[in-house]
Amino acid sequence: MLPCTGRIEETLLLEAFENGADGVMVIGCLEGDCHYLSGNIRARARVARVAGILESIRIGGDRIRMFNLSAGEGAKFAAYVNEFVGQIRELGPSSINVARKNAA
Amino acid sequence: MITGTPKPIEEILEMVDPYDRIVVAGCYGCVTVCRVGGEKEVQVLSSTLRLARETAGKKITIKEVCLERQCDPEYIEQMRSYVHDYQAVLSIACGAGIQFLAEKYTTTPLLPGINTGFLGVTERQGEWAERCQGCGDCVLHLTGGICPVTRCAKSLFHGPCGGSVQGHCEVGKDTPCGWQLIIDRLKALDQMDNYTKLKPYKGWNTSRDGGPRRIVREDMI
């Protein structure tokens, strides 16, 4: 948990995949509502860059996505999580996890 | 600063393909400022390489380092204690830094991770533009602080050519005519006499024409 999505570095997102994540969702405040003015806008750009990297190395850019929510939108949060988890389940394990399983 | 752009990951993967233990070396100088070869870029590139290589079934061990500058011997020397434990160094410094590393560590293959660009400025975040070609004979005091060598596509010295149309250069409508910029600036400075003064031919002997250049400052040796 980070105080602001603006604190998320690209390397942290890639590290999640190195550590075995099949998908990563980044959830930030609503655009225009950032306490630090542009934290979530920066995060959006970083998520897009990491999606590009994942696409270029055939892990898939659709395994990372940014969502924007306010703190009062609990039901929406649950819906987004279910949606993303469903999407990742449909994609199956990431190619690096498949390679690791085959190597084991 | 010296600017650069990252090489495509496919090209880098091809370069590192023969190796399974490498150093990824960044530089805290210019390439950190233009966000192509600093500490963060070392981390992202290393992570990307590890993911790509493990996915392909060829794991790679990477030592991540970022030197203060790769163009100064005292910082390059800091790699000596471990560089020979690795099969190659992938440097994301500018071409000068990479070559200097190669000169110091002659038995270690050096691989360039970026394409070095030009001497430029940050016009806005994520956008850099060329301002100097290092011709070795600066005339900015005569041209309103705008370089005719760099900003004019033909490096003309005595005013715009016929390809200057409404302030734009014929090479592209996004390129302002360097001489239009100079004249506008000289008018604003009330220095148009600099434009009309006859000047001798520029000596290009201080530029690249004589091959690689060297500066020797006897007072500093």
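Q: Is Ser207(B) buried or exposed?
A: This is a predicted model, where local features need pLDDT of at least 70, side-chain atom pairs count only at pLDDT 80 or more, and totals for chains, interfaces and linings use all residues. Residues are numbered from 1 along each chain as its sequence is written, chains are lettered from A and ligands numbered from 1 in the order written, and side-chain values use heavy atoms, without hydrogens and water. Buried means under 20% relative accessible area, exposed over 50%, and partly exposed in between (1.4 Å probe, protein chains only). Ser207(B) has a relative accessible area of 9%, so the word is buried.

Q: Which residues is Ser207(B) in contact with, leaving aside its neighbours within four places in sequence?
A: Contact means heavy atoms within 4.5 Å. Ser207(B) sits in the segment after helix H9 (193–196) of chain B; helices (H or I, at least four residues) and strands (E, at least two) are DSSP runs, numbered from the N terminus. With those neighbours set aside, its partners are Cys135(B) and Arg213(B).

Q: How far apart are the end C-alpha atoms of helix H2 (residues 39–56) of chain A?
A: The expected span is 1.5 Å times one less than the number of residues. For the 18 residues of H2(A) that should give 26 Å, and the model agrees, with its end C-alpha atoms apart by 26 Å.

Q: Which elements do the buried residues of H2(A) pack against?
A: Among the buried residues of H2(A) are Ala43(A), Val47(A) and Leu54(A). Seen down the axis, the buried residues fall within an arc of 160 degrees, so they line one face of the helix; the arc is that of the directions from the helix axis to the C-beta atoms. They pack against helix H1 (10–18), strand S1 (24–28) and strand S2 (64–68) of chain A, together with helix H3 (39–55) of chain B.
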